[in-house]
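Subject: Structure handover

Hello,

My notes on what was found follow below it.

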Amino acid sequence: MAATDPREIIADNPMSARQWIVVILMILLNALDGFDVLSSAFAAPGISKEWGIPRSELGIVLSAELVGMGFGSIFLGSFADKGGRKLAMLICLFVMAIGMYMAHAATAVWPLTIWRFITGLGIGGMLAATNAVVAETTSKASRSLAMALYVIGYPLGGVIGGFAAQSWLLVDYDWRAVFLFGATVTAIMIPLVFVLVPETPAYFAARRPEGAVEKINRSLRALSQPLIDALPPLKTDGPKPKVTDILSKPGLRKVTWMLAFGYMLHTLTFYYILKFAVQVVADSGFTQPQAASTLTYANIGGAVGGALFGFLLKKFDIRGPTIAALLIGVVTVAWFGMGHGDSLAAWRLSGFLCMFFLNAAIVGYYAAFARGFPAYARATGTGFVLGVGRAGAAGSPIIAGFLFDALGKDQLFTVSVIMGFGSLAATVLLFFLPMRDGDADHAAQ
């Protein structure tokens, strides 16, 4: 054993089986987040039909968990840096399970909206914590691939949930079963995380609590990595993870804001497809299960696009491929907006292509999050960026809903082109984003 930084041990040594188990669990948690977010989209036609609400009001329901995700990303993301990644994930799972269960029991629009908001709080905090865990339990050689696999977990959850919805939940039951199914799966994940996921060595190294070396070695032992005798002395007074820190340091401030606004603008386009595809197809004359299948295919496209993009990032830098994915994504959204009449196959293909490229760009952004923030503020920085970004996600179904009401349901192409401008603007910001290694920058200070 030696006095060294445990973050270097994780970064430089080959991945153990236990590390890959942790990564797989983070993928499953991201898949759970993906299903929980999209559950309202799968349920949308049933909600609209049962309660007779217009698209503008439906847009508010669909945005509720996205608003909650914004607050959860900032506040619970910051908690993940102060109280630990593992504790934050367990709290978030509990909040999500309660929110999903109560949503299934809602009898009116506003109670449903409130419980979807509460569910979103847990989802937002979960995204920030799991992103940090993947970054901090993987080697440099495997980090890009692990991050790509983690990101595709989000649409994978939509795929699994979509097949469950279109072949079982919406066939044998009604829209409430979608939320109950999500609550059950969320509850199952709580003991798995408690038993199988250790706190990250990077968290203890950054916070340096009493008995830090013992706690770090416990984590390293669980991850089958070499142990340490002592931590190296701090080069600074030990920066505390807080939002004001990522906004005050010159090296982090520009990266933080450009990532935040770029991600926000992209999610404006991204969630337009995810949240309104099912309703648009249902209004074209298809049954609820048939309309839900469009979103299932869209999420298959997102999973495939994210996976392929992850391998692409192993050979190329983040910027170029992500810009290409953003621009092609704008084109596919416009094609979706051209409408496909009574051809369910064409609607499915359109959804597949949209999410193939839009989610590939999400992979690029998550890779930029992992690179852009140092370990001591990674969950805080990621949570802040995701929180600001959720403004675009939350605004997306609301804006689209009011555009449909103002312009008419037959103006699908016009609405789609307007919503596509989000990813186009994100392209410009990404072009000027400084790309650097946050941990390297911090070590140099």
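**Second largest pocket**

Leu28, Ala31, Leu32, Phe35, Gly157, Ile160, Gly161, Phe181, Val185 and Met189 line the second largest pocket. On a 1 Å grid over the protein atoms alone, a pocket is an open set of points with protein on both sides within 12 Å along at least five of seven lines; a cavity is a set where a 1.4 Å probe fits but cannot get out; lining residues have an atom within 4 Å of a point. The space in this second largest pocket is about 190 Å³. Grid points are joined across faces, edges and corners, and volume means the space filled by probe spheres set on the points.

The model is predicted: local features need pLDDT of at least 70, side-chain atom pairs count only at pLDDT 80 or more, and totals for chains, interfaces and linings use all residues. Numbering runs from 1 along each chain as its sequence is written, and side-chain values use heavy atoms, with hydrogens and water left out.

Helix 2 (17-51), helix 6 (140-172) and helix 7 (176-196) each give at least two residues to the lining of the second largest pocket. Helices are DSSP runs (H or I, at least four residues), numbered from the N terminus. Helix 2 has the largest share of this lining, with four residues. By class, the lining of the second largest pocket holds eight nonpolar residues, two polar and no charged. Here Ala, Val, Leu, Ile, Met, Phe, Trp, Tyr, Cys and Pro count as nonpolar, Asp, Glu, Lys and Arg as charged, and the others, Gly among them, as polar.

**Cavities**

There are three cavities of 30 Å³ or more. The largest cavity holds about 70 Å³ of space. Helix 6, helix 11 and helix 14 (344-372) are the elements that give two or more residues to the lining of the largest cavity. That lining includes Asn30, Tyr154, Tyr271, Asn359 and Arg390. Its residues divide into eight nonpolar, two polar and one charged.

**Core**

The largest nonpolar core has 137 residues, and Met26, Tyr272 and Tyr366 touch the most other members. Helix 11 (residues 250-282) supplies the largest share of this core, 19 residues. A nonpolar core is a set of buried Ala, Val, Leu, Ile, Met, Phe, Trp, Tyr and Cys residues joined through side-chain atoms within 4.5 Å. Buried means under 20% relative accessible area, exposed over 50%, partly exposed in between (1.4 Å probe, protein chains only). Tyr366 also lines the largest cavity.

What does methionine 26 contact beyond its neighbours within four places in sequence? The partners are Met89, Thr130, Val133, Val134, Tyr150 and Val197. Contact means heavy atoms within 4.5 Å.

Valine 278 lies in helix 11. Valine 278 is buried, at 1% relative accessibility. Leaving aside neighbours within four places in sequence, valine 278 contacts Ala41, Pro45, Ala291, Ala292 and Leu295. Valine 278 and alanine 44 are 234 residues apart along the chain, yet their C-alpha atoms are separated by 7.5 Å.

**Helix 5**

Helix 5 (residues 109-136) has 28 residues and should span 40 Å at 1.5 Å a residue; its end C-alpha atoms are 41 Å apart, which agrees. The expected span is 1.5 Å times one less than the number of residues.

**Loops**

Two non-glycine residues to check for backbone geometry come next. Arginine 208 has a positive phi of about 50°. Arginine 208 sits in the loop between helix 8 (201-207) and helix 9 (212-222), and is partly exposed at 27% relative accessible area. Serine 224 has a positive phi near 60°. Serine 224 sits in the loop between helix 9 and helix 10 (243-248), and is exposed at 51% relative accessibility.

Proline 14 lies in the loop between helix 1 (6-12) and helix 2. Proline 14 is exposed, with a relative accessible area of 65%. Not counting residues up to four places away in sequence, proline 14 touches Gln19 and Gln225. Proline 14 and threonine 138 are 124 residues apart in sequence and 8.7 Å apart in space, C-alpha to C-alpha.

Glycine 408 lies in the loop between helix 15 (378-407) and helix 16 (412-431). Glycine 408 is buried, with a relative accessible area of 19%.

Best wishes
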